[in-house]
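The following briefing accompanies a structural model.

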Amino acid sequence: MLNLARFHGGLHLPNNKELSNQAPLRQASIPKKLVYPLMQRPGVTVDPKVQVGERVLRGQVIAHSDHPLATPVHAASSGVIEAIEERLIPHPSGMADVCIVIATDGLDESLVTQGVADFSSQDPASIRTAIKNAGIVGLGGAAFPTAIKLNPGPQRKLDTLLLNGAECEPYITCDDCLMQNQPESVLVGAQILLHSLHIERCIVAIEDHMKRAYARLTQAVAALNDPRIIIVQVPAIYPTGGEKQLIKVVTGKETPSGGIPADIGVLCVNVGTASAVYDAVCKGKPLTERVITVTGRGVKEPQNRYVRIGTPISELIEQCGGYTEHVERLIMGGPMMGFALPDDEIAVVKATNCILAGTAADINIGKQAMPCIRCGDCAKACPVDLLPQQLYWHSRAGNLDKCKEFSLFDCIECGCCEVVCPSHIPLVQYYRSAKSKVIAKAKEAEKAAVAKRRHDMHLERKAKEQAEKAERARLKKEALAKVKQANAEKEGVTQ
Amino acid sequence: MILIICATFAVFGVVLGFSAVYFKVQGNPIVDKIEAILPQTQCGQCSYPGCRPYAEAIASGEADINQCPPGGQDGINALADLLGLEAKPLNDEFGAVKPKSVAVIIEEDCIGCTKCIQACPVDAILGSAKMMHTVIANECTGCELCVAPCPVDCIVMEPIEQTISTWQWPEPERKYA
């Protein structure tokens, strides 16, 4: 058994997981429409590979790009491309962006694909290619392309694969449910990852209240008879599921500020991602569906479902019995780190782990913020060991250099400080706003540097042109003088 | 004793002489620092022909720090911070703060006179004589210097619209805290 460490701060939150983890995992039905945003991350947009009116099959690539951080988008069912137009996308701004819309035909015809029966005969590069072509991204919420994560470079020596099943955020049970229902695919996914990374140790970390998942996983490990895989139960303290927090708990090692876990030899992957890797490599199936928790007291039958990526939330809610009358707000993600959605026509994306239809009992709505009384509770709760109060003062004053000095960018926006704040100050929003200001300022500085370079070159060119012109004028003058002189001499001779 | 003192003086004299030559700072470092704060729009609204000349004028005390409309109040505050001066509001003689824009050529009206190309301080306009011109939007600083020279008034300034990738988290409302 491993000796578990602790991270600083954290909170015991009422987890409300029993709302959704009692119902069996079911397959969601085919929605009438499937919607795929073309923007994948800030600055990464894929190009449509299909035209309006074209018929597509399930598993067909409908958008891709050459950007290194882009992953292909696959149709999740067969149908006709209805439009490529602006639609609301799941983004905290609540803005619209270009999406591909498929009108499904209900036939659910799929491309014929074949996986490899024996992944151990594959070399790591071809496994990574298979993972990339299957469009797999981190399903824990950050949606970082998995194939890139699996190739951290030769200077980083990995020793541990950490499968993150510590679903710490209240309400969310999709990973728990997946581990209960498909422990084998998670574990074989882990074996594939171990094989492609050439490492010999895999730790599956789950929270200590996930008794059924623990039993199922232990059974599955015994059946696989793989001594490289260990299942560990970690105490349920929010945010244990944060990548850096979980690494600290399981290995005792701290990820350096600004670094990645691979710097300390750990690669952390969500259990859902491991299962998707299994589907991609062994079955040849691209990522077109995932487990999503639909929960909250605002929906009649909270549950987990296998949902096709691109399904509009309204259809998903309908399949879960519809809204209750007390529903107040729709949130994508959990109550701590999720964001509110302006409309339920928005579709789920690969990063969507939970749809929370919250009532007043589920979420804090509109508590009045009062002045900071400098109690320091936020600093005690911060899992990253930052000084939230200092960050608050400096971000409020727009003092961005000071914010950076107090490690603003190490903040994981978990919201612990906000929960304990007796004055209900929306701290995380201050930090997010300060972060976007820092990023915008850096972009502006970059643009200014380019403008300066171009202006300098412009001046240089002008000066050169002027000098050339002066030189030409001088030469002309000289030639003219010569001609004049020659003429004068000629005249002198003739006279 | 006197000899020792003289020798010491001589040694220091040589050291100082050498360092004056070898460690000479090229240019005026404060000008570079001021220039780094200026937005590099090169618009000339400050009455100097570009950001560098304005930075030099500030450094020499010839110009005030509140003559740069594109830099806005943030720019003035940063300059005040750097130079240890009192921040002041923008002097509206030099123009008002406007939303960031890019120049757009109405291409069907363009007669290909190249006047705007010559006016652009960052060479962001593409075209040649009697051919249609166009603005490289990414490189345009929004200085508006191309607008006035156009004989057919076919250049308009369009404000840059917010997109999802330029969206920023708003600050919380400050009514209560």
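pLDDT is the predictor's confidence in each residue, from 0 to 100. Chain B averages a pLDDT of 91, and 98% of the residues score at least 70. This is a predicted model, in which local features need pLDDT of at least 70, side-chain atom pairs count only at pLDDT 80 or more, and totals for chains, interfaces and linings use all residues. Residues are numbered from 1 along each chain as its sequence is written, while chains are lettered from A and ligands numbered from 1 in the order in which they are written.

**Complex**
- The predictor assigns the complex an ipTM of 0.84 and a pTM of 0.88.
- In chain A, 28 residues are in contact with 19 residues of chain B (C-beta atoms, placed from the backbone, within 7 Å).
- Helix H13 (residues 427-494) of chain A gives the most to the side of chain A that touches chain B, with 13 residues (helices are DSSP runs of H or I, at least four residues, and strands of E, at least two, numbered from the N terminus).

**Domains of chain A**
- Chain A is divided into domain 1 (17-332) and domain 2 (367-495), with bounds from an automatic or database domain assignment.
- Their contact takes 5 residues from domain 1 of chain A and 6 residues from domain 2 of chain A.

**Helix H5 of chain A**
- A:Ala213, A:Tyr214, A:Leu217, A:Ala220 and A:Val221 are buried in H5(A) (20 or more other C-beta atoms within 10 Å of the residue's own; exposed means 12 or fewer, and partly exposed in between).
- These buried residues fall within an arc of 135° seen down the axis of H5(A), so they line one face of the helix (the arc is that of the directions from the helix axis to the C-beta atoms).
- The face of H5(A) turned away from its buried side carries the exposed A:Lys211, A:Gln219, A:Ala222 and A:Ala223.

Notes: Contact = placed C-beta atoms within 7 Å.
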